[in-house]
Amino acid sequence: MPRGFNMSADTHSHTRPWYRSSASIAIAMLAVILVFFLIREHWEHLAGRWIYLLLLLCPLMHLFGHGGHGHRGKSGDSND
């Protein structure tokens, strides 16, 4: 056997992640159905305003895409 090989029961735990449990799958399916019916019932309200939602999304994408403008990747001692 190789050095450092541990045969304890802790290394062979078969716990499933939370998103693989039956309850979380059922909740996700209910959420998808709920969102579908909400969009379906309120499509007339959403369809006329999708351009405004897109414009509101642009600053968020800009902020998260640049990492909050922290300039973390910048090297050098200059204080720009």
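Patches are made of residues with over 30% relative accessible area and no salt bridge, like charges being joined within 9 Å and nonpolar side chains (Val, Leu, Ile, Met, Phe, Trp, Tyr) within 5 Å. A salt bridge is a side-chain nitrogen of Lys or Arg within 4 Å of a carboxyl oxygen of Asp or Glu. Accessible areas come from the Shrake-Rupley method with a 1.4 Å probe, and for residues only the protein chains shown count as cover.

This is a predicted model, in which local features need pLDDT of at least 70 and side-chain atom pairs count only at pLDDT 80 or more, while totals for chains, interfaces and linings use all residues. Residues are numbered from 1 along each chain as its sequence is written, and side-chain values use heavy atoms, without hydrogens and water.

The protein has 3 helices and 0 strands (DSSP runs of H or I with at least four residues, and of E with at least two, numbered from the N terminus). Mean pLDDT, the predictor's confidence from 0 to 100, is 77 for the protein, and 66% of its residues reach 70 or more.

| Helix | Residues | Mean pLDDT |
|---|---|---|
| α1 (highest) | 22-41 | 93 |
| α2 (lowest) | 43-47 | 83 |

A nonpolar surface patch of about 1100 Å² includes Trp50, Leu57 and Phe64. Leucine 57 is found in helix α3, residues 50-65. Leucine 57 counts as partly exposed because its relative accessibility is 39% (buried means under 20%, exposed over 50%, partly exposed in between; 1.4 Å probe, protein chains only). Buried residues make up 1% of the 80 residues in the protein.
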